[in-house]
Amino acid sequence: MKNPFIRAFLIVLSSSLLVVLVAFLVWLFKPSHTLEVFILDKTVPTQERREHQSFHWVLNQEKYVKQDGNRYDLKKDYYGFFPIKPEKQQFDFRSLSLRDVETISDRVDMAYYTDTYGVYYNDWYTENGPDVSGDQKVYGGLNQNDYLLLKALMEKGKTILTEFVLLDKSASGLVRKKTEDLLHLQWEGWIGKHFESLKPDSCPAWIVKLYKSQNQGQWPFTSPGVVLIHKYGKVVVLEDQKHLSGDMPVIYTKPQLTRQYNLPDTIPYSNWFDIIQTDSVGKVLADFQLQTTPEGDSLLANFRLKADFPAIIHHAADYQFYYFAGDFSQNNIRTTTSYFEGAGLVDFLFHAKDQNSSTYFFYRYYRPLIRGILKETHQQASHTGVQQK
């Protein structure tokens, strides 16, 4: 071949294809591990299943399989809301029955409630929808059987992971109170999120509308910042350079957890979070920190809030329980990369410069955290004989 440029291109292309093939084969022949996992995701308004996609990525990359030997299917192996044809508003759902509570709690080694908030009319019906308020539920919210499964899993010594909005207003008051008592948690009624820009067209319209209704129709914000919303509708806005010295919340992780799962001491966090407290039973393993100025501290104090609050709560007896007080499982990742050994490293390095991104958070924090918990759960299940051979 006379043209050196074409020759060099073909060499690079063939080398790249060879690397991809080897990465796939290494993953394919990696030994699998049997682990029965129950996944609950009631917030699935699109086919991507983003609320449990990150967890599925780790399951697949680490080769965890069901007792029948099959890999976990992102679109099938969960309970909750199932979009069939979103463009035609066709959906199905799979809810727990009382019979399920007993059989599932016996069978599984681990449960992960990735999102119980649900799907609402303004998320699902874009046109030709029912003549109802857009903030009414199509499906969702923590219910009595979800609570009973948590209780049964604890009694049977299983591992439980839960996260953001488990206890929010989408759950009935009685179920929420019983679940709080069971898990030794208390939701303070607040959720929040960082926004790269607080310009009206960069924030959810419902937040802007709520704030304007409380402030003579004004929304004077343009900088980056953090928005806090109370369950009764109050909106508090913290602006960068006024209320915040750094616009993004930061997770500070305790040494015990950083050593156990190889996590960074600090990492920026850009997604939704809720403000949860625990009693003496719960151990706080990581905290959120809003980087507030004195003016920001004063604003928070008006609502009896502090700049730091739990990010990860853990307690253990005969069981292991974790609460992630953030939407940890929703990240911008590609499911296909989980089928290639080492592809995660390449993807991580590609996003390493943007340490504020959800992709960076996934690879640097969520993935090693979940991988460590899965490994420990598998070892415990094998040791106690819970896992079926």
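1. A cavity, in the sense used here, is a set of grid points where a 1.4 Å probe fits but cannot get out. With that in mind, and bearing in mind that the model is predicted, a search of the whole structure finds one cavity of 30 Å³ or more. The largest cavity holds about 60 Å³ of space, and the residues lining the largest cavity divide into four nonpolar, seven polar and one charged. Among the lining residues are Pro268, Tyr269, Ser270 and Asn271, together with Asp327, Phe328, Gln330 and Asn331, and also Asn356, Ser357, Ser358 and Phe361.

2. Turning to the open spaces, the largest pocket has a volume of about 1000 Å³. Its lining is made up of 34 residues, of which Tyr117, Tyr120, Asp123, Trp206 and Trp272 are the closest to the centre of the pocket. At least two lining residues come from each of helix 2, helix 4 (121–124), strand 10 (185–195), helix 7 (205–214) and strand 11 (225–230), and strand 10 provides the largest share, with five residues. By class, the lining of the largest pocket divides into 14 nonpolar, nine polar and eleven charged residues.

3. The second largest pocket has a volume of about 250 Å³, and of the 17 residues that line this second pocket, Gly157, Lys158, Thr159, Gln320 and Gln380 are the closest to its centre. Strand 18 (320–324) and helix 11 (358–384) each supply at least two residues of the lining of the second largest pocket, with helix 11 giving the most, six residues. The lining of the second largest pocket comprises six nonpolar, six polar and five charged residues.

4. Strand 6 (residues 110–115) deserves a point of its own: six of its six residues are buried, so strand 6 is largely enclosed by the rest of the structure. Strand 6 pairs with strand 2 (residues 37–41) in the parallel sense over five bridges, and within that pairing Asp115 of strand 6 is the bridge partner of Asp41. Strand 6 is also joined by four bridges to strand 9 (residues 159–163), the two running parallel, and here Tyr112 stands opposite Leu161 of strand 9.

5. Which residues of helix 3 (residues 98–107) are buried? They are Asp100, Val101, Ile104 and Ser105, and because these residues cover an arc of only 115° around the axis, they lie on the same side of helix 3. An α-helix has 3.6 residues a turn, so residues three or four places apart point the same way. As for what this buried set meets, the buried residues of helix 3 pack against strand 2, strand 4 (79–85) and helix 5 (144–155). Strand 2 is therefore a partner to read alongside the previous point, since strand 2 pairs with strand 6 and is also packed against by the buried residues of helix 3, where burial means under 20% relative accessible area.

6. Is Glu62 buried or exposed? Glu62 counts as buried because its relative accessibility is 17%, and the cut-off for buried is under 20%. Once the neighbours within four places in sequence are left aside, Glu62 is in contact with Lys30, His33, Arg367 and Arg371.

Terms used: Residues numbered from 1 in each chain as written. Predicted model: local features only at pLDDT ≥ 70, side-chain atom pairs only at ≥ 80, totals over all residues. Heavy atoms only, no water. Buried < 20%, exposed > 50% of the residue type's maximum accessible area, 1.4 Å probe, protein only. Contact = heavy atoms within 4.5 Å. 1 Å grid on protein atoms, 1.4 Å probe; cavity = no way out; pocket = protein on both sides within 12 Å on 5 of 7 lines; lining within 4 Å. Points joined across faces, edges and corners; volume = space filled by probe spheres on them. Nonpolar A, V, L, I, M, F, W, Y, C, P; charged D, E, K, R; others polar. Pairing = 2+ DSSP bridges. Arc of directions from axis to C-beta.
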